[in-house]
Amino acid sequence: MQRAWIYEEYGSSEVLKLGDFPIPIPKANELLVQVRAAALNPIDSKRRQRPLFPSVLPAVPGCDMAGLVVAKGGNVTKFDVGDEVYGNIQDFNAEEKPKQLGTLAEFIVVEESFVSKKPKNLSFEEAASLPLAVQTALEGFKTGRFKEGQEIFVVGGAGGVGTLVVQLAKTVFGASSVVATCSTPKVEFVKILGADEVVDYRKIKYEEVGKKYDFLYDTIGDCKNSYVVAKEEAAIVDICWPPSHPKAVYSSLTVSGEDLEKLNPYLESGKLKAVIDPTGPYNFSDVIQAFRYLETGRARGKVVISGFPSSLNNKPFNGFTHLPAAEESQLSHYSLL
């Protein structure tokens, strides 16, 4: 058994309880990973609050993780036991139900294709902060067919996705100019990320911006108002469903370890940086407090969890290391202590 944060009913963060959950057996195409750090996302809160997707309860929340491979299925070829990996383990666009066991647990299973080797210069906490947010950020550029040299206006430049959109715009996609919105205390921070200009939404309304942009990337679902800064022919991308303006295109994400691999050189060179909210990382024992903070909407970058019991105690994994292709994960029994 392992320690994990579990909820048996939908509700506020108070429904979460720390309990025992079985250590799963990886299927043929899966890795068993000892989690060293995880990150929280708004989707984790929304899934816990109400049944957004068909889910099996009890459930362990969490999509993002970084950790150490401790076992693998018989068909896995890209990774070995001992590799440090990171990734988003939940694909909400898949036909199957989301995984019952999320990343707020000591050990998780994940498809080989969902993860990448961790960039050598990043800590586990930094790596864990990236997958879902950077996959979401990347998808928006693809959905809106961003073209090199365009000028981009980013709504919500200090959030988990927004901090990466600001960086990717120039570093990967070749934007000629990046303008982003944020609140007064975060203006200098967003400039450091690479924004050429920052619009303090507490002082300046969209109608007062005074310029139109080639590409509007709205990370907070405000395109019903922000659309006024977009040129007539501009792409308007909204990562919140449903988009609040008829011209906006909804963008989700593709869960892909290959996409993470392509970004590793940018991360290892320092051109792309992980952004962890300065209140963290939170300890594994403080997950409820971390969710409460996430749900205020005030986070700057990502809310990260570390200090998982198995890594703190340096507890070795003494089970299987390599399994036949026919083995199935077993998640049917758990207990709350």
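Select cysteine 63 and find its sulfur. The closest cysteine sulfur, in cysteine 240, is 15 Å away, which is too far for a bond. A disulfide is a covalent bond between the sulfur atoms of two cysteines. Here the cut-off is a pair of cysteine sulfur atoms within 2.5 Å. Across the whole structure the search finds 0 disulfides.

This is a predicted model: local features need pLDDT of at least 70, side-chain atom pairs count only at pLDDT 80 or more, and totals for chains, interfaces and linings use all residues. Residues are numbered from 1 along each chain as its sequence is written, and side-chain values use heavy atoms, with hydrogens and water left out.

Stay on cysteine 63. It is buried, at 0% relative accessible area. (Buried means under 20% relative accessible area, exposed over 50%, partly exposed in between, with a 1.4 Å probe and protein chains only.)

Next, select cysteine 182. Cysteine 182 counts as buried too, at 3% relative accessibility.

Now go to strand 15, residues 303-306. Strands (E, at least two residues) and helices (H or I, at least four) are DSSP runs, numbered from the N terminus. In a regular strand the side chains alternate between the two faces of the sheet. Val303 and Ile305 lie on one side of strand 15, Val304 and Ser306 on the other, and all are buried.

Strand 3 pairs with strand 15 in the antiparallel sense over 4 bridges; pairing takes at least two DSSP bridges. Look for alanine 37 opposite serine 306.

Finish with strand 14, residues 282-283. Strand 14 runs parallel to strand 15, over 2 bridges. Asparagine 283 has serine 306 as its bridge partner.
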